[in-house]
Amino acid sequence: MDIVENSISAGATLIEILIRQSIDRDLLEIEVIDNGKGMDRDFLEKVFDPFVTTRTTRKVGLGIPLFKAAAERCDGSFDIQSEPGKGTRVKASFRYSHIDRAPMGDLVNTITALVAGNEQTDFVYHHITDKGEYVFDTREIKKILGDVSINNIKVMEWMRTNIEEGLKLIDGGGE
């Protein structure tokens, strides 16, 4: 969630969240790609320092350092690429069965809350498991809705149910 919040703070209008969850390959990958303002090389080299942040509300930024540490603690890896004016790509991989891997959390409510709180931002949530894949794309939903707000309570209920059923079909999101 912190990584996606970084994308929103960077002015991204499109955020892609890709989760590859494979028990067969003992692998969990989480990737966030945005079209925000991006970072120059100097700032990119400093993003692992928790005392370097663009935030004005507090002087620490723990999202990227904690995400990287979590991946590496679970025999995984971490990569971040960014280019000013083009956006940022953050990717972390974890050994799925590692005892220190944190649970995935409540993906249904996380995605729904992100959409509800950021109506002007489009989200593509792509979740792939050994049993299949599920894609949720607010751009497609907005086309169908026309003038109806994506934050309409009935639309939000439909989104929550759609994500929940989609994840059940592919056995995704569970631990």
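1. A residue counts as buried under 20% relative accessible area, as exposed over 50%, and as partly exposed in between, with a 1.4 Å probe and protein chains only. By that scale R139 is partly exposed, with a relative accessible area of 38%, whereas its salt-bridge partner D137 counts as buried at 9%.

2. Before going further, please note that this is a predicted model, in which local features need pLDDT of at least 70 and side-chain atom pairs count only at pLDDT 80 or more, while totals for chains, interfaces and linings use all residues. Residues are numbered from 1 along each chain as its sequence is written, and side-chain values use heavy atoms, with hydrogens and water left out.

3. The chain has six helices and six strands, where helices (H or I, at least four residues) and strands (E, at least two) are DSSP runs numbered from the N terminus. In sequence order they follow the pattern α-β-β-α-α-β-β-α-β-β-α-α. The radius of gyration, taken over C-alpha atoms, is 17 Å, close to the 16 Å that the globule rule gives for 175 residues, so the chain is as compact as a globular protein of that length; the rule itself is 2.2 Å times the number of residues to the power 0.38.

4. Of the 175 residues, 43% count as buried. Taking a contact to mean heavy atoms within 4.5 Å, residues 24 or more positions apart account for 59% of the contacts with a separation of 6 or more.

5. The structure holds eleven salt bridges, each defined as a side-chain nitrogen of Lys or Arg within 4 Å of a carboxyl oxygen of Asp or Glu. One of them joins E31 and R89, whose closest N and O atoms are 2.7 Å apart. E31 lies in strand β2 (residues 27-34) and R89 in strand β4 (residues 87-95), so this pair ties together parts that are 58 residues apart in sequence. E31 is buried, with a relative accessible area of 6%.

6. A salt bridge also links D122 with K142, at 3.0 Å between the closest N and O atoms. Because D122 lies in strand β5 (residues 122-129) and K142 in helix α5 (residues 138-145), the pair ties together parts 20 residues apart in sequence. D122 is buried at 17% relative accessible area, while K142 is partly exposed at 25%.

7. Returning to R139 and D137, their side chains meet in a salt bridge with an N to O distance of 2.9 Å. Elsewhere, salt bridges that share partners join R20, E29, E31, D79, R89 and K91 into one network.
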